[in-house]
Structures are given as C-alpha cells and as structure tokens.
Amino acid sequence: MNLKKLGALAFAVATIINTTGCGDEASSLTEPPVNPDYVEQTTEATTEAVTEVPAEANIANPLTGEKDYNADAVGKRPVAVMVNNLKDALPQYGIEQADIIYEIPVEGGITRLMAVYADYTSMPDICSVRSCRYYYPIIALGMDAIYCHWGADQTIAMDTLNRTGIDRLDGANENDIFLRDDERAKKYASEHTGYLKGSAIPGKIESKGFRTDINSRNAEGCFNFAEDKVTPADMTAVSVQVKFSNSYYSDFEYDEATGEYLKFHSGKPHIDGRTEKQIGFENVIILQSDIHTRSCGYLMDVGLTGGTGYYVSNGGAQSITWKKESETSPIKLYDASGSELEVNVGESYIGIIGSEKPITIE
C-alpha cells in the first residue's frame, strides 16, 4: 500500500460575504428555558401468490440516491441542523441518520457540523444543537433547506440570516421543539445539552407556514449519482485524514465489507450516542477553500465560490474541482475533464478545509 502525502493546493477564492464585524458569541446568545413538558403483502394469481413491490422501493432519496424513500417526502425540502462538535460534547446523537454531514472550521481550531436530512417527517432527536456561523446558512440556501440552529453570533451570522431571509428555526425562540436533555445535564455543561425534537419538526414547519415543496433548482438533489458503483482511480484510499487543526481532525478507515468509510473524531471512533454505532459514509468529499480569521481575530471567513478537492469512495480517490455559483446555488462537483462528477449511492461526508491544511490519503 503506497502512502501519498498530499500537500494542499493553494488557490484564491472570493468569499461570498465581506462584512467585517465580529462579536462575542457567549455574550450574544439567548437560550430558551427548559420546558418540563417534554421530558409483506401478496396477491393471489391463479395458482400462486405474487409479491407486490411497494411504491417506495423504486423511489430514491434525493440526497443519497438510496431506494425505499418515503413516498410522502418526495419533492419536499430537506432540513439542516447545526451540531456541536466539541470533544466535551461527545457523543452527539441523531447524526447517524443524517444523509449528509458537513464539517467546517469555526473559531479556535475547532469544527462544527451541519447534519442534513432529506425527509423532515421522520427525523430523529438531534443533540447537541449549537449556534449559526454565516457560511452554514449559505450552504443550506444552496440546498433549499430549512435551517435549524440555537442562537448566532450577533454580527455577520445574524446579518446573513436576516439578509437572506432563509426559513429557519432558532432554539433561542422556539423552546417547544428545542429542549434540554435532562440525562445529559447530569454530566455535561448546559451548552452541550440542547436538542432538537425531531418528531415536532413537521408541526412546527406547518405552523410557521414555511414552503415545503423544494424549488426547481434543487429538485434533483445535490449529486449526480452513478448508475453502477464507481471507484475513483487516481490513488488507493483505504485511510484518509482531514486535519483542520492539531486538535481537531477527522480520520476515515475503509471497511471493504460494508463499502463505508468509518469516521474517527480526533483519533477516536465517532459514535452516535443513541444508536451506539460508529458513523460511516459511502462518500468522503473534501473541499479546499480560502479560510482565514476575520479582522476581529475570532470568527472565520470561509470562501464558498469554489476550488479544488478530493472525492474518496469505494477504496479509491481522485482530484476534483468544485463550484458554488451564487448563495442560492448548490455546490457542484467536477472531475478532471470538467464533467459533473458521478458520485456513488450512499451517505456523504463533506469537509471544507483551508487550502493550506494537510490532507493525507493512503
């Protein structure tokens, strides 16, 4: 097995927003009070039974391409949820059921996740939910997703939420669906106990009057799914490391039996606290971008117009490019020929990392 240490490729991309204000998140967030009230079919032919195939069996999840998707969720908008990724908050729960997970740096060398669910009618409870950074709702806009968060920095993040008018649910205001986990409260700091009650989301979306039908730009989903499984051919990829900082990095180990890349959080298996399973992905997508600290020395700027990266799947990896044409456009992936990348069916991890940060694939 050959080890290929990949130096990250530097490139300049314009950030979508150029506001310069910064603020102290801890002092600018308002958290809601605890709400104690939430503590096979056959038909007979002439001589034999014939198994009927449910309609759902031929319906594909728009975010994963997997069949058996809920027929009632076809054509509906996804939901994106901000998830705390601090080591002190582990394990999270509800993340194993996500169709796509984004991981992007925030201040201090740490990262934060955005978990995306195609079917908002059957979401799990998700913990712990944290606050907005401006680049996450811009990604959610490009997916036509309803955005869920608990607070926001009161400068560029709040400006972005207000300016774009994105449909959103904020734990600072919606204390009937954003709650505190009493069991976690026995051993976690309060900021690591907030969760989003998945079963309450459909009713809340209805009461808010949010549009539920997805727009035409996003109707076909995020990816160009391959009809037959593909193996990226640039290099072998049984082990991958995406190093956001010395303290926060994501490793992926390929499980040939399942076709998944099992995720590790900074050296330890990344476990869902409810299912007690290590999370895994058929697709690992690494997008390189211009990421730097804003003028306040605290919050981050993340370029979202495009750049280079890698696609890892089925034991192989290849170099790619990516583009996001506008705030409301989805992220698109391209191969070396400039054609839209074919992606394998399954769940996807998308890490956005600074172009100078190391990526190791072996």
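This is a predicted model: local features need pLDDT of at least 70, side-chain atom pairs count only at pLDDT 80 or more; totals for chains, interfaces and linings use all residues.
Q: Let's pick a helix. How many residues of helix 2 are buried?
A: Eight of its eight residues, 135–142, are buried, so helix 2 is largely enclosed by the rest of the structure.

Q: Which ones are they, by name?
A: The buried residues of helix 2 are Tyr135, Tyr136, Pro137, Ile138, Ile139, Ala140, Leu141 and Gly142. Just after the helix comes aspartate 144, with a positive phi of about 55 degrees.

Q: What about helix 3, which residues are buried there?
A: Helix 3 covers residues 156–164, and Ile156, Ala157, Met158, Thr160 and Leu161 are buried in it.

Q: What do those buried residues pack against?
A: They pack against helix 2, strand 8 (146–149) and strand 9 (168–170). As for what follows helix 3, glycine 165 sits just after it and takes a positive phi of about 65 degrees.

Q: Switching to strands. How do strand 22 and strand 23 pair?
A: Strand 22 (residues 306–313) and strand 23 pair in the antiparallel sense over eight bridges. One of the bridge pairs puts glycine 306 with lysine 323 of strand 23.

Q: How many residues lie between those two strands in the hairpin?
A: Two residues lie between them, and asparagine 314 in the turn has a positive phi of about 55 degrees.

Q: Which other strands join up with strand 23?
A: Strand 13 (residues 235–236) is joined to strand 23 (residues 316–323) by two bridges, running antiparallel. There, threonine 236 has glycine 316 as its bridge partner. Strand 24 (residues 332–334) also pairs with strand 23 in the antiparallel sense, over three bridges. In that pairing, threonine 321 is partnered by tyrosine 334 of strand 24.

Q: How many bridges join strand 7 to strand 11?
A: Two bridges join strand 7 to strand 11 (residues 194–196). Cysteine 127 stands opposite tyrosine 195 in strand 11.

Q: New topic: how much space lies in the largest cavity?
A: About 70 Å³. The lining is made up of Ile100, Tyr102, Met143, Cys222, Phe223, Leu287, Pro330, Ile331, Leu333 and Ile350.

Q: What classes of residue does that lining have?
A: The lining has 10 nonpolar residues, no polar ones and no charged ones.

Q: Last one, serine 348. Where is it, and is it buried or exposed?
A: Serine 348 is in strand 26 (residues 348–354). Its relative accessibility is 0%, so serine 348 counts as buried; the cut-off for that is under 20%.

Q: What is serine 348 in contact with, leaving aside its neighbours within four places in sequence?
A: Serine 348 is in contact with Asp99, Ile100, Ile101, Phe223, Phe281, Asn283 and Ile285.

Note on methods
Residues are numbered from 1 along each chain as its sequence is written. Side-chain values use heavy atoms; hydrogens and water are left out. Two strands pair if DSSP finds at least two bridges between them. Helices (H or I, at least four residues) and strands (E, at least two) are DSSP runs, numbered from the N terminus. Buried means under 20% relative accessible area, exposed over 50%, partly exposed in between (1.4 Å probe, protein chains only). On a 1 Å grid over the protein atoms alone, a cavity is a set of points where a 1.4 Å probe fits but cannot get out, and a pocket is an open set with protein on both sides within 12 Å along at least five of seven lines; lining residues have an atom within 4 Å of a point. Grid points are joined across faces, edges and corners, and a volume is the space filled by probe spheres set on the points. Ala, Val, Leu, Ile, Met, Phe, Trp, Tyr, Cys and Pro count as nonpolar, Asp, Glu, Lys and Arg as charged, and the others, Gly among them, as polar. Contact means heavy atoms within 4.5 Å.
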